Each structure stands twice: as structure tokens, then as C-alpha cells.
Amino acid sequence: AATVVGGVPDIIENDKTGLLAPPYVMVDAFRKLLGDKKLREKLGGALKGRVERAFLFDEMRRQTLKLYE
């Protein structure tokens with residue numbers, strides 16, 4: 001679970017690779033995760049896969065260079 005601030009939503013997709021919530025309702029997201037082991041495993045695996053695909057050094061370099069073209 002994470003808050004909807006800065007670049008966090010670029011990494012975590014709500015209900016797909018994690019839970020996003022405004023800072024004032026984070027406790028609800030944590031309770032949801034604490035009470036559901038399968039959800040924790042599902043979201044954790046999905047987030048790991050997303051980070052491995054989207055945030056590899058070569059991919060980040062390619063995207064950064066594209067910004068400057």
C-alpha cells in the first residue's frame with residue numbers, strides 16, 4: 001500500500017500491483033492487506049513483475065533519452 005503522491009502512481013497501479021490511497025485513508029489499505037494473504041501475494045508478485053519490466057536500467061535510459069529528443 002502506498003499514498004497517491006509524487007511518482008508513486010507511475011509505479012503502482014491501484015488494485016493491480018498494489019493499493020493506492022490518499023494519505024488520510026492509508027490505514028484502510030493496510031487493514032485490507034493485513035487481512036488477506038492471497039491479496040498480498042497477488043499484488044506483490046504483480047508489482048515485482050511490473051518493476052522488473054518497466055524499470056530496468058536500459059528501459060529507463062531509453063525513456064530518458066526519448067524525452068530529450
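Is Asp15 buried, exposed or partly exposed? Asp15 is partly exposed, with a relative accessible area of 44%. Here buried means under 20% relative accessible area, exposed means over 50%, and partly exposed is in between, using a 1.4 Å probe and protein chains only.

Hello everyone. A word on the source: this is a predicted model, where local features need pLDDT of at least 70 and side-chain atom pairs count only at pLDDT 80 or more, while totals for chains, interfaces and linings use all residues. Residues are numbered from 1 along each chain as its sequence is written, and side-chain values use heavy atoms, with hydrogens and water left out.

Let's stay with Asp15 for a moment. You will find Asp15 in the loop between α1 (8-11) and β2 (20-21). Those labels come from DSSP runs, numbered from the N terminus: helices are H or I with at least four residues, and strands are E with at least two. Most residues other than glycine have a negative phi. Asp15 has a positive value, near 65°, and is a residue other than glycine.

Now to Thr17. Thr17 also lies in the loop between α1 and β2. At 6% relative accessibility, Thr17 counts as buried. Its side chain reaches the backbone nitrogen of Glu13 at 2.8 Å. That is a polar contact, meaning a pair of N or O atoms within 3.5 Å; within protein, one must be able to donate a hydrogen and the other to accept it, and residues adjacent in sequence count only if both atoms are side-chain atoms. Leaving aside neighbours within four places in sequence, Thr17 is in contact with Ile11, Ile12, Leu43, Ala46, Leu47 and Arg50. Contact means heavy atoms within 4.5 Å.

Arg50 is our next stop, and this residue lies in helix α3. A polar atom of the Arg50 side chain lies 2.7 Å from the backbone oxygen of Ile11. Beyond its neighbours within four places in sequence, Arg50 is in contact with Asp10, Ile11, Glu13, Thr17 and Phe55.

Where they meet, Lys32, Leu33 and Leu34 in α2 face Leu39, Arg40 and Leu43 in α3 as contacts.

Finally, which residues form the largest nonpolar core? They are Leu19, Ala29, Leu33, Leu39 and Leu43. Such a core is a set of buried Ala, Val, Leu, Ile, Met, Phe, Trp, Tyr and Cys residues joined through side-chain atoms within 4.5 Å. Helices α2 and α3 each supply at least two residues of this core.
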